[in-house]
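Follow the description below alongside the sequence and the coordinates.

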Amino acid sequence: MGWERYAVYALPDGALGAAGAAWLGWDARAGRAVAQPEVPGLPRPAAELTERARRYGFHATIKPPFRLAEGRTEAELRAAFDAFCARAWPARAEGLAVAAVGPFLALRPEGGAAELDRLACATVEVLDAFRAPADAAELARRRKPGLSPRQEALLRRWGYPYVMEEFRFHVTLTGPLDDAERAAAEAALAAHFAPVAPRPFRVARLALMGEDAEGRFHAVHEAALSG
């Protein structure tokens, strides 16, 4: 299958991964839709709150989606991904908690995220030779109002403004919400995910992802971080 774009994600597994896939309604590992739960206290049904986030699956972006560079193949990308994972160390944080990230909600690390940040920065850099340069349309799509000069520079260099020191590890849970919805959803989701959020939280594997023609992301290949 030919993929529109690739990405590198951290896909939570175990009870958290199962709960997250169900919450979003898309299992990126299995490549299929799943039934969404009824969560008490939500301001709107889960299907509406997650519509924008669903196609990406339950994930934390490590290397943002990119088109494969001309002359490169998926086999070469997979080999480079495997080689990187073989020498990269697992990363951890004390835990995960529901928090606002701008207008949407996500699971964010507790107690600092330095190890996760280092892993993401290294992944972006090492695999960048496989990224096709962003064209004008892609730059315009990712150029949001209010980008700082540094974020604009990162966008031009790496194809995305929120990488390197601007990276913030997060596992997206919703699309944009207004203030009242966000407060209600945050309380409901904190209660929903608390029983399955591991302490500590560990990223011991990375997933190479592919985007299909409908814009949904699938796990193409996973590798353990065994440095």
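The largest nonpolar core has 50 residues, and Trp 23, Leu 107, Phe 169, Phe 193, Val 203 and Leu 206 have the most contacts inside it. Such a core is a set of buried Ala, Val, Leu, Ile, Met, Phe, Trp, Tyr and Cys residues joined through side-chain atoms within 4.5 Å; buried means under 20% relative accessible area, exposed over 50%, and partly exposed in between (1.4 Å probe, protein chains only). Neighbours within four places in sequence aside, Phe 193 is in contact (heavy atoms within 4.5 Å) with Leu 16, Ala 19, Gly 20, Trp 23, Phe 58, Leu 107 and Leu 173. Another core, of 8 residues, lies apart from the largest one and includes Ala 7, Tyr 9, Leu 11 and Phe 217.

The model is predicted: local features need pLDDT of at least 70 and side-chain atom pairs pLDDT 80 or more, while totals for chains, interfaces and linings use all residues. Residues are numbered from 1 along each chain as its sequence is written, and side-chain values use heavy atoms, leaving out hydrogens and water.

Strand E1 (residues 6-10) is largely enclosed by the rest of the structure, because 5 of its 5 residues are buried. Strands (E, at least two residues) are DSSP runs, numbered from the N terminus. In a regular strand the side chains alternate between the two faces of the sheet. On one side of E1, Tyr 6, Val 8 and Ala 10 are buried, as are Ala 7 and Tyr 9 on the other. E1 runs antiparallel to strand E4 (residues 60-66), joined by 4 bridges, with Tyr 9 opposite Thr 61; pairing requires at least two DSSP bridges. E1 also pairs with strand E10 (residues 205-211), antiparallel over 4 bridges, and there Tyr 9 has Ala 207 as its bridge partner.

Gly 31, in the loop between strands E2 (26-27) and E3 (32-33), is partly exposed at 28% relative accessible area.
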